[in-house]
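Subject: Structure handover

Hi,

Here is the structure I promised to pass on. Have a look at it in your viewer first, then read on.

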Amino acid sequence: MRLLIMGAPGAGKGTYAEGISKHFGIPHISTGDIFRQAMQEETPMGILAKSFIDKGHLVPDDVTNEIVKERIQKADCLDGFLLDGYPRTTQQAVEFDKILKVLEIKLDVVVNLLVDESLIVSRIVNRRLCPTCGKGYNLITLKPKQDGVCDDCGTELYQRKDDNEETIKSRLSVYNEQTKPLIDYYNKQNVLLNVNGEGDAKVVTKEIIQAIEEF
Ligand code: AP5
């Protein structure tokens, strides 16, 4: 199963991708996670990515395309993958189509999450993450048992630097201008599955899995 999950910042891509990828037994590949890991390790790519991400801008297409091209050719992707947050521009989508053609593989479904913008801002400013195990929390909807501490490994939680109201405005306008046109792009390829991204996370995940299976 080869899947993409797309939607505005904070739409729940990462949250739902976890359950979907587990269900289908495929790796969850998030370009945002790849960049954050490289930023933490201060690799040359991480330093470059940081200069864009901290302002809410997109990392250049050529850098992003190359990362995805390499990643989906790894052994764990032989039976499929779930790409989260890629492609995000028409240039990336066109380049990705070329990559798929060379590899002689096809996309099965592109999941597009529909979430109201007012909910998105609240989800993002209240998100907290564990730097050790990567587990995600939300101060309103998914609180840790003990304030500021990861339930699973006891590490102090942190807030992403790009999760502030100023940067969110920029991320949302980048999404509306550069990523939203991909809804039409994939609709024309007959692979688009629009799903409601609002509601209880476990229920929504189940609904998405069922919709993918029936697609
Ligand atoms: P990325 O990490 O992909 O960020 P994003 O697209 O802004 O999305 P988020 O991670 O903010 O949100 P999400 O949709 O995954 O929501 P989540 O599940 O966490 O990218 C970061 C940056 O990297 C980009 O801005 C860009 O600069 C760069 N980048 C990445 N890919 C790129 C590309 N292809 N090209 C160029 N640059 C690229 O949920 C959010 C919160 O809501 C959480 O707290 C969660 O617990 C909560 N929540 C989610 N669902 C529910 C629910 N149903 N009920 C209650 N709470 C919920």
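This is a predicted model: local features need pLDDT of at least 70, side-chain atom pairs count only at pLDDT 80 or more; totals for chains, interfaces and linings use all residues.

**The ligand site**

The ligand has 31 residues around it, and the closest are Thr 15, His 57, Arg 88, Arg 127 and Arg 171. By type, that shell splits into eleven nonpolar, 13 polar and seven charged residues. Helix H1 (13-24), helix H2 (31-41) and strand S6 (136-138) each put at least two residues into the shell.

On the backbone side, an N or O atom of Lys 13 sits 2.9 Å from a ligand oxygen. Taken on its own, the ligand has 1000 Å² of accessible area, and the protein covers 94% of that.

Thr 31 itself belongs to helix H2. Is Thr 31 buried or exposed? Its relative accessible area is 3%, so Thr 31 counts as buried, the cut-off being under 20%. Setting aside residues up to four places away in sequence, Thr 31 touches Thr 64, Val 68, Asp 84, Gly 85 and Tyr 86.

In soluble globular proteins, nonpolar side chains tend to be buried together. Here the largest nonpolar core has 25 residues, and the ones with the most contacts inside it are Ile 5, Ile 20, Val 111, Leu 113, Ile 208 and Ile 212. Elements giving two or more residues to this core include strand S1 (2-6), H1, strand S4 (109-114) and helix H9 (201-214). The largest share, five residues, comes from H9.

Beyond its neighbours within four places in sequence, Leu 113 is in contact with residues including Ile 5, Val 195 and Ile 208.

**Another buried threonine**

Thr 167 lies in helix H7 (residues 165-179). With a relative accessible area of 7%, Thr 167 is buried. Outside the four places on either side in sequence, its contacts are Ile 53, Asp 54, Lys 55, Gly 56 and Asp 162.

- The peptide bond from Tyr 86 to Pro 87 is cis, with omega near -5°. Pro 87 is in the loop between strand S3 (81-84) and helix H5 (90-103).
- Glu 104, in the loop between H5 and S4, is not a glycine but has a positive phi, near 55°. Glu 104 is exposed, at 72% relative accessibility.
- Asn 190 is another non-glycine with positive phi, about 60°. Asn 190 sits in the loop between helix H8 (181-188) and S7, and is exposed at 63%.
- Ile 140 is in the loop between S6 and H7. Its relative accessibility is 57%, so Ile 140 counts as exposed, the cut-off being over 50%.

Cheers

Key. Residues are numbered from 1 along each chain as its sequence is written. Side-chain values use heavy atoms; hydrogens and water are left out. Helices (H or I, at least four residues) and strands (E, at least two) are DSSP runs, numbered from the N terminus. Buried means under 20% relative accessible area, exposed over 50%, partly exposed in between (1.4 Å probe, protein chains only). Contact means heavy atoms within 4.5 Å. A residue is near a molecule or strand if one of its heavy atoms lies within 4 Å of it. A polar contact is a pair of N or O atoms within 3.5 Å; within protein, one must be able to donate a hydrogen and the other to accept it, and residues adjacent in sequence count only if both atoms are side-chain atoms. Accessible areas come from the Shrake-Rupley method with a 1.4 Å probe; for residues, only the protein chains shown count as cover. Ala, Val, Leu, Ile, Met, Phe, Trp, Tyr, Cys and Pro count as nonpolar, Asp, Glu, Lys and Arg as charged, and the others, Gly among them, as polar. A nonpolar core is a set of buried Ala, Val, Leu, Ile, Met, Phe, Trp, Tyr and Cys residues joined through side-chain atoms within 4.5 Å.
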